[in-house]
Amino acid sequence: MTEIVVIARLVPDLVEELEIAPSGKALDRSWLRLIINEFDNHAIEQAIIIKERSGAKVTVISPDAEGVEDMLYSSAAKGADRLIKLTGLDEEKKPTNKSLAQSLAGLIKEINPDLILTGVQANDDLTGDLGPQVADLLDMPYVGYISGVSLEGSTAKALKEYPGGLLAEMEISLPAALGIQASEEPPRYVAISKVRQMMSTANIEEISAGELDTEGEFTIERMYLPEAAEKAEMLEGSEEEIAAQLTSVLEDLGLL
Amino acid sequence: MTQDIYVVIEHIQGKVSDISYIMTAAAKDLAQHEGGEVVGILLGSNVSHLKDNLALDRVILGEHPDLKDFSSDAWKRTLLAVFAEYSPRAVFFGNTTIGSDLSSSIAAHQDCPIINHCIKISDQGLVTSQICGGKIMTDSQLSEKTTLISMIPGGYKPEEGQGGPPRDVVEFPVPDLSDLKVKVAQYIEPDTSDVDISQEKVLVAVGRGIQTEDNIELAQELADLLGGTLCASRPVIDQGWLPTSRLVGKSGKSVKPDLYLSLGISGATEHLEGITGSKTIVAVNSDPDAPIFDVAKYGIEVDLFDLIDPLLEKIEAAKGG
Amino acid sequence: MASNAISNQLPFTKEFKESLFLIPEGENIQTCLQCASCSGVCPFGFAMDYPPGRMIAWMRAGILEEMLQSDSVWMCVSCFACTEICPKEIPITQALMTRAKEEVLLAGNVPAELQSALEFSQQYGNPLGESSRKRAAWTEELDFEVSIVRKDKRPYEFLWFVGDYASYHPRVKKVTQTVARLFHMLGIDFGIMGPDENSDGDSQRLAGERGLFEMLAEKNAKILGRCEFNEIVTTDPHAYNAFKNEYPRLGFEYPVRHYTEVLLDHLDELTPKLKDIGPIRVAYHDPCYLGRVNKIYEAPRQLLQAIPGIELVEMAHNRSTSLCCGGGGGGMWLDGFRWEKAESRLSEWRIREAVTVGADVLAVACPYEPPRFEDATKTVPGAENIQVKDIAELIFAAIEN
């Protein structure tokens with residue numbers, strides 16, 4: 001049976017305001033609202049699509065965070081077979097991706113998957129992208145910006161997106177790790193009743209992440225909110241007035 | 001370790017990518033603080049002419065038939081050999097379809113740090129990064145070790161990295177590339193039957209805020225009236241409401257119209273990097289904090305559906321008169 | 001008689017049918033006469049592959065499986081018109097249509113716009129995807145403080161359940177602020193839940209997401225259980241319906257009133273303050289969940305009639321036959337889908353009725369309505385000058401005048 005591991009994480013929800021911690025060098029995590037990394041959501045969907053198409057056992061692994069159980073149960077409701085929560089993380093400080101990758105690599109080695117899928121990036125990854133680091137530590141090839149995967153024997157055929165709409169059909173020897181940009185179909189909806197059912201039937205395994213480095217190998221001198229100095233000139237007034245102002249801007253540009 | 005700053009040059013289909021010039025500009029800034037030279041690493045097959053227009057001091061040229069297409073395996077093996085030989089102070093990679101397959105993977109392999117999402121080298125020689133969709137900035141110091149830097153566009157203009165040709169070209173012996181684990185089977189060209197938005201002078205762009213497929217027609221009406229073309233950010237394309245050829249941003253096209261009128265696009269970094277070449281950006285969004293307002297010349301903070309009708313009327317009137 | 005026809009049922013049809021019997025009056029479905037009144041009165045019946053009457057017929061024939069593949073059930077606006085007219089008192093909306101949506105949703109057959117509203121409701125507690133922390137932001141523009149019950153702990157006369165659109169939608173927010181000003185002016189003691197308030201969940205339930213409704217109801221009940229108040233008041237008929245009819249089924253019982261009823265209690269104080277704003281012709285639109293479902297027809301009309309200068313006129317569809325604005329049953333999140341299917345909007349139909357009776361103002365009493373009807377006035381010929389106003393806005397205008 002094909003084994004697929006998906007690494008799925010929660011990231012800061014950008015709908016909410018972000019705050020800097022008193023140290024001035026990190027995000028204030030007590031204020032953070034978390035949400036599933038959209039690319040990881042696509043990675044889960046892609047894994048389930050492969051499972052439905054050609055059979056696979058799908059394991060979703062997530063570092064512990066507020067809301068992670070809901071995300072894992074919802075993956076189970078979509079069709080994930082095994083759920084693992086990486087525990088023992090510092091609630092105040094985000095680990096470096098290198099130390100997280102080391103911890104994940106140790107765990108994933110035991111599962112011995114044919115394929116690792118994860119989101120191509122996460123919005124708060126200052127210390128590099130996670131997928132390629134895990135892949136290297138497991139001596140697997142890594143290809144990112146993938147928008148479709150199928151497995152053929154010991155090869156993954158994957159579509160890699162280039163700027164300008166160019167696609168490359170890649171052949172990647174398994175085992176391999178892929179960074180998902182978009183699943184073949186948009187992530188499906190799963191009814192809360194199914195998620196709730198999973199809460200009573202599915203099991204989340206808790207595995208300790210071990211000691212993780214939160215300091216990093218380079219020093220963050222300062223974390224801050226961007227200056228809003230060069231903001232756009234805002235057109236104000238009623239919709240009618242704004243429409244009139246914009247029309248004269250367009251006229252000035254010689255467009256009408 | 002040397003004090004030299006390296007740049008992994010990216011090129012697609014025989015053309016140097018803008019990010020390579022941008023990285024060269026950043027590397028020049030960083031080299032001033034670190035006291036080294038700016039060295040380009042150019043990998044490919046028959047690509048030596050691509051170095052000529054880059055403001056580099058030196059170039060390390062690795063040519064091999066198996067480097068012709070971008071295989072992360074082949075490029076990684078070659079780059080590891082280059083770094084073993086030269087020991088750079090810092091290395092710039094693009095935060096792109098190419099560079100992102102390499103930078104973090106090489107950092108893990110070499111056990112050296114990587115600073116992601118660099119947009120600028122600060123006046124103090126710090127690496128300024130933009131994370132959380134542009135809502136957070138960080139200034140970081142290079143580590144004692146060789147530091148890898150993954151670069152996003154926005155902080156430099158490509159022209160700032162133009163120059164050359166480089167003083168020195170060193171041909172690098174490419175290591176064994178047999179049994180590659182990553183290969184390109186074929187390229188699938190974008191559907192060219194559609195318009196090429198990178199060449200259009202007027203673009204009306206729609207994002208998540210357009211809400212429904214039905215509303216695309218409204219935006220189309222506006223585009224028609226302006227003699228322009230409709231394009232979109234990722235969510236709209238993912239829904240299949242417009243073809244992929246209309247995607248603007250990281251995995252889509254970079255555009256350079258005279259007018260970029262964005263409707264309901266908040267302006268994620270991935271999108272913004274595709275529009276920096278626009279002459280005039282007008283942004284309509286109901287969220288006053290939307291990052292698109294940071295790059296737009298004119299901003300309009302209203303519900304776009306309230307604006308479109310009066311706007312269509314006013315434009316029609318102006319054209320009629 | 002009906003049961004004779006169901007012999008060779010496929011598994012889904014059988015289970016589905018039996019599940020309907022668990023809903024109050026659900027067994028009435030067996031007495032369906034196939035009179036087709038339900039399909040005829042349905043405002044979107046023409047665009048459905050499976051209007052309610054036909055669904056019952058196909059269920060009897062044991063061939064309802066195909067419904068799971070069809071998306072026509074998403075045309076249902078849960079407006080209760082079918083239920084109201086059914087001579088056999090079959091709970092068509094509550095049982096048949098809502099259960100059908102649940103099954104279609106479970107089968108993964110969900111239009112993208114609806115999916116995103118449901119996901120937002122899960123993540124943020126509102127279908128708009130707005131920050132829950134900003135739920136009370138509408139109070140910032142008022143020149144008095146609005147108490148948030150968990151911060152300002154004391155017994156309140158009214159717990160005002162504000163609702164999603166009333167909290168966040170720029171147009172509807174203005175109505176909410178007006179209601180707050182009226183309450184403040186009348187010395188009505190109220191507090192709001194603020195960031196702790198979650199969507200009432202009723203429209204999500206009627207869009208087939210019962211689990212989500214229960215989750216949201218539990219979150220609200222948890223907070224409400226810690227607050228002291230006499231009654232809930234709301235401007236939102238959907239929230240009203242949830243508290244009146246649905247939360248009690250989950251064991252959460254609170255007395256609830258619509259703001260029009262509460263204002264009517266204060267009519268004696270209001271009347272001397274109201275100045276002439278006429279002459280204007282005002283047509284009142286009965287919101288489905290205030291009127292047809294919960295039988296509150298007169299309080300809004302009495303308030304309107306108390307305003308000097310208003311001539312109240314009735315449109316063709318009024319009171320129990322009122323026409324849905326198109327926002328119910330998840331309709332707020334299916335506009336694009338429905339336009340593609342039907343190429344018509346219920347809100348425009350309604351506005352045409354307002355034009356026919358020569359109304360200057362269409363008065364409403366539900367947060368879904370101002371933006372929907374205002375949009376429609378822009379496209380319906382002759383409706384350019386019709387204003388859409390919440391009853392509270394008309395009262396306030398009469399006080400200010």
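Two strands pair if DSSP finds at least two bridges between them. Helices (H or I, at least four residues) and strands (E, at least two) are DSSP runs, numbered from the N terminus. This is a predicted model: local features need pLDDT of at least 70, side-chain atom pairs count only at pLDDT 80 or more, and totals for chains, interfaces and linings use all residues. Residues are numbered from 1 along each chain as its sequence is written, while chains are lettered from A and ligands numbered from 1 in the order in which they are written.

**Exercise 1. A sheet across two chains**

Solution. 
- Take one pair. A:Ile172 has B:Val182 as its bridge partner.

**Exercise 2. Inside chain A**

Task: state in which sense strand 7 and strand 8 of chain A pair.

Solution. 
- Strand 7 (residues 142-152) and strand 8 (residues 155-161) of chain A pair in the antiparallel sense over 5 bridges.
- A:Ile146 sits opposite A:Lys160 of strand 8 of chain A.

**Exercise 3. Chain A meets chain B**

Task: describe the side of chain A that touches chain B. Contact means C-beta atoms, placed from the backbone, within 7 Å.

Solution. 
- Count both sides: 70 residues of chain A contact 77 residues of chain B.
- Find the largest share. Helix 6 of chain A gives 10 residues.

**Exercise 4. Two helices in chain C**

Task: work out how helix 14 and helix 18 of chain C are arranged. Axes are lines fitted to C-alpha atoms, for helices over the stretch in contact, and angles run from 0 to 180 degrees between N-to-C directions.

Solution. 
- Helix 14 (residues 298-305) and helix 18 (residues 391-400) of chain C have axes that come within 10 Å and cross at roughly 20°.
- That angle makes helix 14 of chain C roughly parallel to helix 18 of chain C (under 35 degrees; over 145 would be roughly antiparallel, 65 to 115 roughly perpendicular, the rest oblique).
- Name the residues. C:Pro300, C:Leu303 and C:Leu304 of helix 14 meet C:Ile391, C:Leu394 and C:Ile395 of helix 18.

Conventions: Two residues are in contact if their C-beta atoms, placed from the backbone, lie within 7 Å.
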